[in-house]
Amino acid sequence: RRVLFRSAFKLSEGSMLESLVRNVPGCELHDNGDIYMNGRKVDFLTLNGKDFFKGNNRIMLDNLPYYTVDKLQFFNQRSELSRLMGKDVERPDFVMNVKMKQEYNIGYLGNIEAGAGTHDRRMGRMFALRFTDNSRVSLFANANNINEARSPGNDGSWGHQDNPAGYMKTYNIGGEWLIDDKYGRYKELLNTSMLWNKTLNKQHTASQQFIQQGDVFGYGDDESTRRGYELKINNNLTLKKIDLISTSRFNYIYHDNDS
């Protein structure tokens, strides 16, 4: 187990959790949100010991202000199946837990970002979180036509996969609801997200070949459009008294390509 206190790092005002993680010695943060500590990949993040958009690290990295963080904890955690069986039947998960300051254990958090530019370019993002010791409700939304799915990192790097060629519109919305019964009887975790994007690529080429009998000219015009829609719903219900876990997942993915 490794524990790092936020007070050991000096960050600029307005920084998010991403900036804090990037400054941790031995920690490497990839553009897609994957975190490596001393070369070992972090399986998922938790907030005050509880799951938070499991599998989508970017939500917490991009939206949790660093000043709310008390410490970061890296440790091995027994999988849920191993806990129920009473022995290690699966490899333990490597977890990064974000422990918030006591004064932020109950309250609200939110941030909004918006911008506009030339050539009708626009972007807007919002995040809202309401939490207590035993419950949490969060919402997020992102809409832009600047080929971006997130804000730039602390070092100003956007990453190649976040800035594809062409013209891309993105709309993304989601939320999570957690109830962890204070009497230890059950835990209910529901999260959902919807993503829609459209990418347009155009390519124009002109050529001229010089030959003795006379020049040969060529012209090419290529255009392709990709549309995508994704709907994801995950629900986990744990009845702690009888060690029963119910997991339900619904994923719908649709892609349409024209060229």
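**Reading strands, surface and salt bridges in a predicted model**

Q: Leaving aside its neighbours within four places in sequence, which residues is Phe-250 in contact with?
A: Phe-250 is in contact with Leu-231, Lys-232 and Ile-233, once the neighbours within four places in sequence are set aside. This is a predicted model. Phe-250 itself is found in strand S15, residues 244-258, and Ile-233 is found in strand S14.

Q: Where do S14 and S15 sit in their sheet, and what is the strand order?
A: Strands of a sheet pair through backbone hydrogen bonds, either parallel or antiparallel. Here seven strands make an open sheet in the order S9-S10-S11-S12-S13-S14-S15, and the pairing is antiparallel. The edge strands, S9 and S15, each pair on one side only. From one strand to the next the twist averages 5°.

Q: How many bridges join S9 to S10?
A: S9 and S10 run antiparallel and are joined by 11 bridges.

Q: What lies in the loop between S9 and S10?
A: His-119 lies in that loop, between strand S9 (107-117) and strand S10 (121-131). His-119 is not a glycine, yet its phi is positive, at about 60°. His-119 counts as exposed because its relative accessibility is 73%, and the cut-off for exposed is over 50%.

Q: Is Phe-250 buried or partly exposed?
A: Phe-250 has a relative accessible area of 45% and is therefore partly exposed. Ile-233 is partly exposed as well, at 32%.

Q: Which residues form the nonpolar patch on the surface?
A: The patch is formed by Ile-233, Phe-250, Tyr-252 and Tyr-254, which together have about 380 Å² of accessible area. Its largest share, three residues, comes from S15.

Q: How far apart are the C-alpha atoms of Phe-250 and Phe-74?
A: Their C-alpha atoms are separated by 31 Å, and the two residues are 176 residues apart along the chain.

Q: How many salt bridges does a search of the whole structure find?
A: Side chains of opposite charge can pair when their charged atoms come close. Searching the whole structure gives 14 salt bridges. One of them joins Asp-258 and Arg-227, with an N to O distance of 2.9 Å. This pair links distant parts of the chain, Asp-258 being in strand S15 and Arg-227 in strand S14, 31 residues apart. Asp-258 is partly exposed at 38% relative accessibility, and Arg-227 is partly exposed at 28%.

Q: Why are Glu-18 and Arg-22 separated by about one helical turn?
A: The two residues are four residues apart in helix H1 (residues 17-22), so about one helical turn separates them. Glu-18 counts as buried, at 5% relative accessibility, whereas Arg-22 is partly exposed, with a relative accessible area of 25%.

Q: What is the N to O distance between Asp-34 and Lys-41?
A: Asp-34 and Lys-41 form a salt bridge in which the closest N and O atoms are 3.7 Å apart. Lys-41 counts as partly exposed, at 39% relative accessibility.

Q: Which way do the side chains of strand S5 point?
A: In S5 (residues 44-47), Phe-44 and Thr-46 point one way, while Leu-45 and Leu-47 point the other way. All of these residues are buried.

Q: Which strands are joined to S5 by bridges?
A: S5 runs parallel to strand S8 (residues 93-100), and four bridges join the two. In S8, Met-96 is the bridge partner of Leu-45. S5 is also joined to strand S6 (residues 50-51), by two bridges and in antiparallel fashion. There Thr-46 stands opposite Asp-51.

Q: What do S5 and S6 form, and how many residues are between them?
A: S5 and S6 form a hairpin with two residues between them. In the turn, Asn-48 has a positive phi of about 55°.

Note on methods: Residues are numbered from 1 along each chain as its sequence is written. This is a predicted model: local features need pLDDT of at least 70, side-chain atom pairs count only at pLDDT 80 or more; totals for chains, interfaces and linings use all residues. Side-chain values use heavy atoms; hydrogens and water are left out. Buried means under 20% relative accessible area, exposed over 50%, partly exposed in between (1.4 Å probe, protein chains only). Contact means heavy atoms within 4.5 Å. Patches are made of residues with over 30% relative accessible area and no salt bridge: like charges are joined within 9 Å, nonpolar side chains (Val, Leu, Ile, Met, Phe, Trp, Tyr) within 5 Å. Accessible areas come from the Shrake-Rupley method with a 1.4 Å probe; for residues, only the protein chains shown count as cover. A salt bridge is a side-chain nitrogen of Lys or Arg within 4 Å of a carboxyl oxygen of Asp or Glu. Two strands pair if DSSP finds at least two bridges between them. Axes are lines fitted to C-alpha atoms, for helices over the stretch in contact, and angles run from 0 to 180 degrees between N-to-C directions.
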